[in-house]
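I opened the notebook to go through one model, topic by topic. The entries below keep to what I looked up.

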Amino acid sequence: MLIRNQEAIYLRPMQVSDAYELHSLRTRNHHFLQPFEPIRPAAHLTLTGQTEQLAQAERDFAAGTGYAFGIFLNDTDQLIGRIALSNVVRGAWQNATLGYFLDQVQNGKGYTSMAVGLVLDFAFNTAELHRVQAGVMPHNLPSIRVLEKNGFRREGLSLHYLQINGKWEDHLIFARTIEDTQSPSL
């Protein structure tokens, strides 16, 4: 399954065969990404750790409990990031949590905004979710702009929401529902 943006990027479900490329991407960007991520065991950033994470992502995708995609450049097929719908809850909620990261050298080119738009289309039209939410630290202005460009609404502030880089951080909660997609204003 490929989800293409005609301009620059495409999304593809992450696979164990992507482990080497993902390991390289994560290692190269570790210091750039660490201020926005939980502190993980050293094994997480090993090739084995990334392989295990991707094996779990494949199982989650097959079970419909999570959808992890690589963000690839159309021209070179280079992996430049990851975007995922995780914590999928069915039943009356039909919700998922959105998370993403992009290679530092690819920032500022609009690729993350494009990837979010593509994954929203998948969420609402293929995965048949009703709601996608995201939590962002208030000082992460670039990520807030990505969400706002994609029609997410700010729902509130959750205090001490996630432990990021060793500290409990407040997060702004953003969401978008299928009704927002059907709105003539978007």
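**Entry 1**

In which strand does Asn-87 lie? I found Asn-87 in strand 4. The model is predicted, so I checked confidence as well and come to that in the next entry. Asn-87 has a positive phi, near 50°, and is not a glycine. I looked up its exposure too: the relative accessible area of Asn-87 is 52%, and because the cut-off for exposed is over 50%, Asn-87 counts as exposed.

I then turned to Asp-77, another residue other than glycine with a positive phi, here near 60°. Asp-77 sits in the loop that joins strand 3 to strand 4. Its relative accessibility is 43%, which makes Asp-77 partly exposed.

**Entry 1: Confidence**

I looked up the pLDDT values. The mean for the protein is 93, and 94% of the residues reach 70 or more.

**Entry 2: Nonpolar cores**

Which residues have the most contacts inside the largest nonpolar core? I list Ile-9, Ile-83, Leu-85 and Leu-98, in a core of 36 residues. Elements that each supply at least two residues of this core include strand 2 (9-13), strand 3 (67-73), strand 4 (79-89), strand 5 (95-102), helix 4 (111-125) and strand 8 (167-177). Helix 4 gives the largest share, 10 residues.

Leaving aside neighbours within four places in sequence, Ile-83 is in contact with, among others, Leu-11, Phe-69, Ile-71, Leu-98, Tyr-100, Ala-115, Val-116 and Val-119. I also found a second, separate core of 13 residues, which includes Leu-33, Leu-54, Ala-57 and Ala-84. As a general note, nonpolar side chains in soluble globular proteins tend to be buried together.

I checked helix 1 (residues 19-28). Its buried residues are Ala-19, Leu-22, Leu-25 and Arg-26. They span an arc of only 130° around the axis, so they lie on the same side of helix 1. Their cover includes helix 2 (30-33), helix 3 (47-63), strand 4 and strand 5. I noted one further point on Arg-26: this residue lies over the face of Phe-101, at 4.7 Å from the ring centre.

Which residues are buried in helix 5? I found Ser-143, Ile-144, Val-146 and Leu-147. Their arc around the axis is only 155°, which puts them on the same side of helix 5. The cover over these buried residues includes strand 5, helix 4, strand 6, strand 7 (153-164) and strand 8. After helix 5 comes Gly-151, with a positive phi near 80°.

**Entry 3: Aromatic pairs**

I got a count of 6 aromatic pairs. The ring centres of Tyr-10 and Phe-72 are 5.2 Å apart and the planes are at 15°, so this pair is stacked. Tyr-10 is in strand 2 and Phe-72 in strand 3, so the pair ties together parts 62 residues apart in sequence. Both Tyr-10 and Phe-72 are buried.

I then looked at Phe-69 and Phe-122, an edge-to-face pair with 5.0 Å from centre to centre and 75° between the planes. Phe-69 belongs to strand 3 and Phe-122 to helix 4, 53 residues apart. Phe-69 and Phe-122 are also buried.

**Entry 4: Two residues of strand 5**

Is Asn-95 buried or exposed? Asn-95, in strand 5, has a relative accessible area of 1% and is buried. Beyond its sequence neighbours within four places, Asn-95 is in contact with Asn-87, Val-88, Val-89, Leu-129, Arg-131, Val-132 and Gln-133. I noted that Asn-87, one of these contacts, is the exposed residue of my first entry.

I placed Tyr-100 in strand 5. Tyr-100 has a relative accessibility of 22% and counts as partly exposed. Leaving aside neighbours within four places in sequence, its contacts include Ser-143, Val-146 and Leu-147, which I had already listed as buried in helix 5.

How values were computed:
Residues numbered from 1 in each chain as written. Heavy atoms only, no water. Core = buried A, V, L, I, M, F, W, Y, C linked by side-chain atoms within 4.5 Å. Buried < 20%, exposed > 50% of the residue type's maximum accessible area, 1.4 Å probe, protein only. Helix = DSSP H or I, 4+ residues; strand = E, 2+ residues; numbered from the N terminus. Contact = heavy atoms within 4.5 Å. Arc of directions from axis to C-beta. Phe/Tyr/Trp six-rings, centres within 6.5 Å; stacked < 30°, edge-to-face > 60°. Lys NZ or Arg CZ within 6 Å of the ring centre and 35° of its normal. pLDDT = per-residue confidence, 0-100.
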